[in-house]
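Please read it alongside the sequence and the structure displayed here.

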Amino acid sequence: NLLYAFTVFYGAVRIAPFVRYNRVFLYAPEFPPNAQEELQLKPVRTGANVTILTPYDEGLLYGLQSINDEEVVCDVQLYLDLKSFGGRGDEAAEMILEKKLKPKW
């Protein structure tokens, strides 16, 4: 079984759909040979649209959320990843903050 977690815009769309994306980012501590098939990745001629990040710390994968059979980082990690991405990432991070992280008192 492959350990992975989607993040940045692909993850954000699973949590609070409102942005469009053309690149997919995911964390994977290891990427075995069968991972490409398991994630249904296909080579393209137009350049990379999937970025696989090796997590520097296992804490990035704590609290994974399974959404439609896909693993997504926890809301706090998603917020941090979007915020550090910049550009439209700031806007998406604020949406995650509003919809998922702010207390509803």
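Asp-75 is buried but has no salt bridge, and the nearest side chain of opposite charge, that of Lys-100, is 4.2 Å away. The model is predicted.

**Surroundings of Asp-75**

- Asp-75 belongs to helix α3.
- A polar contact of 2.9 Å links the side chain of Asp-75 to the side chain of Gln-65.
- Leaving aside residues up to four places away in sequence, Asp-75 touches Ile-15, Gln-65, Ile-96, Lys-100 and Leu-101.

**Nonpolar cores**

- The largest nonpolar core holds 21 residues, of which Phe-9, Ile-15, Leu-78, Leu-82 and Ile-96 touch the most other members.
- Two or more residues of this core come from each of α1 (8-15), β2 (24-27), α3 (75-85) and α4 (88-101).
- Helix α1 supplies the largest share of this core, with five residues.
- There is also a second, separate core of nine residues, among them Tyr-4, Val-24, Leu-26 and Ala-35.
- With residues up to four places away in sequence not counted, Leu-78 is in contact with Thr-7, Val-8, Gly-11, Ala-12, Ile-15, Val-73 and Ile-96.

**Ala-16, in a loop**

- Ala-16 is located in the loop between α1 and β2.
- Why is Ala-16 classed as buried? Its relative accessible area is 5%, and buried means under 20%.
- Not counting residues up to four places away in sequence, Ala-16 touches Met-95, Ile-96 and Lys-99.
- Ala-16 and Lys-99 are 83 residues apart along the chain, and their C-alpha atoms are separated by 7.2 Å.

**Leu-97, in helix α4**

- Leu-97 lies in helix α4.
- Leu-97 has a relative accessible area of 21% and is therefore partly exposed, since the buried class ends under 20% and the exposed class begins over 50%.
- The contacts of Leu-97, with residues up to four places away in sequence set aside, are Tyr-79 and Lys-102.
- The C-alpha atom of Leu-97 is separated by 10 Å from that of Leu-80, and these residues are 17 residues apart along the chain.

How values were computed
Residues numbered from 1 in each chain as written. Predicted model: local features only at pLDDT ≥ 70, side-chain atom pairs only at ≥ 80, totals over all residues. Heavy atoms only, no water. Core = buried A, V, L, I, M, F, W, Y, C linked by side-chain atoms within 4.5 Å. Buried < 20%, exposed > 50% of the residue type's maximum accessible area, 1.4 Å probe, protein only. Helix = DSSP H or I, 4+ residues; strand = E, 2+ residues; numbered from the N terminus. Contact = heavy atoms within 4.5 Å. Lys, Arg positive; Asp, Glu negative; His and termini not counted. Salt bridge = Lys/Arg side-chain N within 4 Å of Asp/Glu carboxyl O. Polar contact = N/O pair within 3.5 Å; in protein donor to acceptor, adjacent residues only side chain to side chain.
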